Amino acid sequence: EWIFTGADDLRFHPGWDVAALRDGHRVVGTNDLHNPSVKAGHTATHFLIARSYVEEQGEIFHEGYDPWYVDQELVEIAKAKGEWGFAPDSHVEHLHPHWRLAPEDDTYRKGTRRVRQDAQLFRRRRKLRRR
(Lines give C-alpha, C1' and ligand atoms only; values in the text may rest on other atoms or scores of the structure.)
Protein backbone atom coordinates (compact mmCIF):
# COMPACT_ATOMS: atom_id res chain seq x y z
CA GLU A 1 0.00 0.00 0.00
CA TRP A 2 2.93 2.36 0.66
CA ILE A 3 6.20 3.17 -1.09
CA PHE A 4 9.20 4.69 0.67
CA THR A 5 11.60 6.75 -1.42
CA GLY A 6 15.11 7.04 -0.13
CA ALA A 7 18.73 6.18 -0.67
CA ASP A 8 21.42 4.22 1.13
CA ASP A 9 22.56 7.12 3.31
CA LEU A 10 19.70 6.95 5.81
CA ARG A 11 19.29 5.97 9.44
CA PHE A 12 15.75 4.92 10.33
CA HIS A 13 14.89 5.81 13.91
CA PRO A 14 12.41 3.65 15.86
CA GLY A 15 8.78 4.41 15.08
CA TRP A 16 9.49 6.40 11.94
CA ASP A 17 6.90 4.45 9.95
CA VAL A 18 4.15 4.69 12.58
CA ALA A 19 4.66 8.47 12.79
CA ALA A 20 4.53 8.85 9.00
CA LEU A 21 1.39 6.75 8.63
CA ARG A 22 -0.33 8.71 11.40
CA ASP A 23 -0.14 11.88 9.27
CA GLY A 24 -3.13 10.89 7.11
CA HIS A 25 -1.92 12.30 3.79
CA ARG A 26 -0.93 10.26 0.76
CA VAL A 27 2.46 11.99 0.35
CA VAL A 28 4.23 12.28 3.69
CA GLY A 29 7.60 13.90 4.14
CA THR A 30 9.84 12.45 6.81
CA ASN A 31 12.11 14.49 9.08
CA ASP A 32 15.76 14.15 8.03
CA LEU A 33 16.86 15.86 11.29
CA HIS A 34 19.32 18.23 9.58
CA ASN A 35 17.96 20.28 6.66
CA PRO A 36 16.38 23.48 8.07
CA SER A 37 13.61 23.55 5.41
CA VAL A 38 12.80 19.92 6.13
CA LYS A 39 12.82 20.38 9.90
CA ALA A 40 10.43 23.32 9.46
CA GLY A 41 8.05 21.07 7.49
CA HIS A 42 8.26 23.05 4.24
CA THR A 43 9.75 20.25 2.19
CA ALA A 44 11.34 16.81 2.51
CA THR A 45 13.94 14.69 0.82
CA HIS A 46 12.50 11.27 1.71
CA PHE A 47 8.88 10.28 1.51
CA LEU A 48 6.30 7.67 2.36
CA ILE A 49 3.83 7.70 -0.55
CA ALA A 50 0.55 5.83 -0.94
CA ARG A 51 0.56 3.49 -3.92
CA SER A 52 -2.86 4.91 -4.88
CA TYR A 53 -1.27 8.36 -5.28
CA VAL A 54 1.42 6.97 -7.57
CA GLU A 55 -1.15 5.09 -9.64
CA GLU A 56 -3.18 8.28 -10.12
CA GLN A 57 -0.12 10.41 -10.95
CA GLY A 58 1.59 7.87 -13.18
CA GLU A 59 5.01 8.61 -11.65
CA ILE A 60 6.57 9.67 -8.38
CA PHE A 61 9.53 11.66 -9.67
CA HIS A 62 10.25 13.25 -13.02
CA GLU A 63 13.25 11.35 -14.37
CA GLY A 64 14.78 14.36 -16.14
CA TYR A 65 16.49 15.60 -12.98
CA ASP A 66 20.01 14.59 -12.00
CA PRO A 67 19.09 14.67 -9.00
CA TRP A 68 18.41 18.22 -7.80
CA TYR A 69 14.84 19.52 -7.45
CA VAL A 70 13.18 16.13 -7.90
CA ASP A 71 11.90 16.13 -4.32
CA GLN A 72 10.87 19.80 -4.45
CA GLU A 73 8.72 19.14 -7.51
CA LEU A 74 7.00 16.22 -5.78
CA VAL A 75 6.26 18.42 -2.75
CA GLU A 76 4.86 21.27 -4.85
CA ILE A 77 2.58 18.95 -6.82
CA ALA A 78 1.38 17.15 -3.68
CA LYS A 79 0.69 20.47 -1.93
CA ALA A 80 -1.29 21.75 -4.92
CA LYS A 81 -3.43 18.60 -4.81
CA GLY A 82 -3.94 18.77 -1.02
CA GLU A 83 -2.02 15.50 -0.65
CA TRP A 84 1.08 16.79 1.21
CA GLY A 85 1.79 16.11 4.83
CA PHE A 86 4.88 16.34 6.99
CA ALA A 87 5.52 14.02 9.91
CA PRO A 88 7.96 15.80 12.24
CA ASP A 89 8.23 12.72 14.48
CA SER A 90 9.07 10.42 11.57
CA HIS A 91 12.85 10.49 11.92
CA VAL A 92 14.66 9.21 8.86
CA GLU A 93 18.06 10.78 9.35
CA HIS A 94 19.94 11.80 6.22
CA LEU A 95 23.60 10.90 6.73
CA HIS A 96 24.81 13.31 4.06
CA PRO A 97 28.30 14.82 3.63
CA HIS A 98 26.70 18.28 3.78
CA TRP A 99 25.93 17.60 7.44
CA ARG A 100 29.40 16.03 7.95
CA LEU A 101 27.81 12.61 8.55
CA ALA A 102 29.41 10.82 5.60
CA PRO A 103 32.50 11.27 3.45
CA GLU A 104 32.23 13.05 0.11
CA ASP A 105 32.49 10.35 -2.56
CA ASP A 106 31.99 9.92 -6.31
CA THR A 107 28.23 9.46 -5.96
CA TYR A 108 27.79 12.74 -4.09
CA ARG A 109 30.15 14.56 -6.48
CA LYS A 110 28.19 13.21 -9.47
CA GLY A 111 24.98 14.46 -7.87
CA THR A 112 26.19 18.07 -7.91
CA ARG A 113 27.44 18.28 -11.49
CA ARG A 114 24.12 19.40 -13.05
CA VAL A 115 22.69 21.70 -10.40
CA ARG A 116 22.28 24.64 -12.79
CA GLN A 117 20.58 22.51 -15.47
CA ASP A 118 18.24 20.95 -12.90
CA ALA A 119 17.28 24.43 -11.63
CA GLN A 120 16.42 25.51 -15.17
CA LEU A 121 14.37 22.36 -15.75
CA PHE A 122 12.53 22.90 -12.45
CA ARG A 123 11.60 26.47 -13.41
CA ARG A 124 10.39 25.38 -16.87
CA ARG A 125 8.30 22.56 -15.44
CA ARG A 126 6.87 24.84 -12.72
CA LYS A 127 5.69 27.30 -15.37
CA LEU A 128 3.97 24.48 -17.27
CA ARG A 129 2.23 23.26 -14.10
CA ARG A 130 0.86 26.72 -13.37
CA ARG A 131 -0.79 27.15 -16.78
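What share of contacts in the protein chain between residues at least 6 apart in sequence join residues at least 24 apart? The share is 74%. The model is predicted.

## Overall fold

The protein chain holds six helices and five strands. Their order along the sequence is β-β-α-β-α-β-α-α-β-α-α.

The C-alpha trace spans about 40 × 35 × 25 Å along its principal axes.

## Cores

Of the 131 residues, 39% are buried. The largest nonpolar core has 13 residues. Those with the most contacts inside this core are V27, F47, I49, Y53, L74, A78 and W84. Two or more residues each come from β4 (47-50), α3, α4 and β5 (84-94). The helix α4 gives the most, with four residues.

Not counting residues up to four places away in sequence, A78 touches V27, Y53, E83 and W84. A second, separate core has seven residues, including L10, W16, V28 and L48.

## Surface and charge

The protein chain exposes about 8,000 Å². Carbon and sulfur atoms supply 49% of that area. There are 21 positive and 21 negative side chains. The centres of the two sets lie 9 Å apart.

## The loop at P67

P67 sits in the loop between α3 (51-57) and α4 (70-80). P67 counts as partly exposed because its relative accessibility is 43%, between the 20% and 50% cut-offs.

Leaving aside neighbours within four places in sequence, P67 contacts G111 and D118. The C-alpha atoms of P67 and R113 are separated by 9.4 Å, with the two residues 46 apart along the chain.

Note on methods
Residues numbered from 1 in each chain as written. Predicted model: local features only at pLDDT ≥ 70, side-chain atom pairs only at ≥ 80, totals over all residues. Heavy atoms only, no water. Buried < 20%, exposed > 50% of the residue type's maximum accessible area, 1.4 Å probe, protein only. Contact = heavy atoms within 4.5 Å. Core = buried A, V, L, I, M, F, W, Y, C linked by side-chain atoms within 4.5 Å. Areas by Shrake-Rupley, 256 points an atom, 1.4 Å probe, with all protein chains shown as cover. Lys, Arg positive; Asp, Glu negative; His and termini not counted. Charge placed at Lys NZ, Arg CZ, Asp CG, Glu CD.
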